[in-house]
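User: I have not seen this one before. Can you walk me through it?

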Amino acid sequence: MSRSNKKGPFVDARLVKKLEKGLGGKENPIKTWSRACQIPPEFVGKYFQVHNGRIFTDVFVVEDMVGHSLGEFSPTRTFRGHGDVVKRTMDKT
């Protein structure tokens with residue numbers, strides 16, 4: 001369910017403060033647990049490390065990501081493929 005237009009997008013205030021301090025470069029990415037934070041245009045060109053429940057995933061924000069949440073780019077589950085393909089033969093007896 002989306003957030004109401006009256007409230008506006010959710011942007012974590014702590015992340016904005018860290019951007020104002022000058023963090024977010026390649027050598028010092030911003031580490032965050034705020035997966036629900038929507039990406040505003042100010043985040044473009046910055047590096048983040050988003051926690052996925054186990055590790056921090058590196059995320060570089062580009063223009064196409066504006067409006068999405070940070071958690072969308074840090075998957076929480078590892079896809080190991082579908083089950084093995086079993087070749088079945090038709091027995092004609």
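Analyst: Of the contacts in the protein chain between residues at least 6 apart in sequence, 39% join residues at least 24 apart; contact means heavy atoms within 4.5 Å. This is a predicted model, where local features need pLDDT of at least 70, side-chain atom pairs count only at pLDDT 80 or more, and totals for chains, interfaces and linings use all residues. Residues are numbered from 1 along each chain as its sequence is written, and side-chain values use heavy atoms, with hydrogens and water left out.

User: In what order do the elements run from the N terminus?

Analyst: The order in the protein chain is α-β-β-β, with helices (H or I, at least four residues) and strands (E, at least two) taken as DSSP runs numbered from the N terminus. The radius of gyration is 20 Å, well over the 12 Å that the globule rule gives for 93 residues, so the protein chain is more spread out than a compact globule. That radius is taken over C-alpha atoms, and the rule is 2.2 Å times the number of residues to the power 0.38.

User: And what does the C-alpha trace span?

Analyst: About 75 × 35 × 25 Å along the principal axes.

User: What is Val59 in contact with?

Analyst: Leaving aside neighbours within four places in sequence, Val59 is in contact with Lys46, Tyr47, Phe48, Val50 and Phe73.
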